[in-house]
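Here is a short note for a colleague opening this model for the first time. Please keep the structure in view while reading.

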Amino acid sequence: MASKTVKVGSSVGLHARPATLIAEAASNYDEDIELLVVGADEDDEADAASSLSIMAMGAEHGDEVTVTSDNAEAVEAIAALIEKDLDAE
């Protein structure tokens, strides 16, 4: 299992637009990709392929999020998106 912890780069957190972009990217992988805000209960883990699940995490700008999957390439790709300011693009 691969994992990586990154800081949320989007200026207003993982709201609708960033969550949708992340979910679209995650849906390109066959493996499950899970997201968890550092310090949150494991029951609050989000499915990276679900924009609603991502938004429900309530991750704000600067929060640390751990990305986990059996696919190391998927972890790197999703982590890179979370680190970007997806509102600026």
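1. Start with a cut-off. A residue counts as buried under 20% relative accessible area, as exposed over 50%, and as partly exposed in between. Lys4 has a relative accessible area of 29%, so Lys4 is partly exposed. Glu76, at 42%, is partly exposed as well. Bear in mind that this is a predicted model.

2. These two residues belong together. Lys4 and Glu76 form a salt bridge, with their closest N and O atoms 3.1 Å apart. The bridge joins distant parts of the chain: Lys4 sits in strand β1 and Glu76 in helix α3, 72 residues apart. How many salt bridges does a search of the whole structure find? It finds one.

3. The largest nonpolar core holds 27 residues. Leu35, Met57, Ile78 and Ile82 have the most contacts inside it. At least two core residues come from each of β1 (2-7), α1 (16-26), β2 (33-37), α2 (51-57), β4 (64-69) and α3 (72-83). Helix α3 gives the largest share, six residues.

4. Leu35 deserves a look. Leaving aside neighbours within four places in sequence, its contacts include Met57, Ile78 and Ile82. Among the others are Asp44, Glu45, Ile54, Val65 and Val67.

5. Helix α3 next. Its 12 residues should span 16 Å at 1.5 Å a residue, and the end C-alpha atoms lie 17 Å apart, which agrees. Ala74, Val75, Ile78, Ala79, Leu81 and Ile82 are buried in α3. They cover an arc of only 160° around the axis, so they are on the same side of α3. β1, α1, β2 and β4 are among the elements that cover them. At the start of α3, a side-chain oxygen of Asn71 comes to within 2.9 Å of the backbone nitrogen of Glu73.

6. Which residues of α1 are buried? They are Pro18, Ala19, Ile22, Ala23, Ala25 and Ala26. Seen down the axis of α1, these fall within an arc of 160°, so they line one face of the helix. An α-helix has 3.6 residues a turn, so residues three or four places apart point the same way. The cover over the buried residues of α1 includes β2, α2 and α3.

7. Last, a polar detail. Thr66 lies in strand β4. Its side chain makes a polar contact with the side chain of Thr5, at 2.8 Å. Neighbours within four places in sequence aside, Thr66 is also in contact with residues including Ser3, Lys4, Glu34, Leu35 and Val38.

Definitions and conventions: Residues numbered from 1 in each chain as written. Predicted model: local features only at pLDDT ≥ 70, side-chain atom pairs only at ≥ 80, totals over all residues. Heavy atoms only, no water. Core = buried A, V, L, I, M, F, W, Y, C linked by side-chain atoms within 4.5 Å. Buried < 20%, exposed > 50% of the residue type's maximum accessible area, 1.4 Å probe, protein only. Helix = DSSP H or I, 4+ residues; strand = E, 2+ residues; numbered from the N terminus. Contact = heavy atoms within 4.5 Å. Expected span 1.5 Å × (residues − 1). Arc of directions from axis to C-beta. Polar contact = N/O pair within 3.5 Å; in protein donor to acceptor, adjacent residues only side chain to side chain. Salt bridge = Lys/Arg side-chain N within 4 Å of Asp/Glu carboxyl O.
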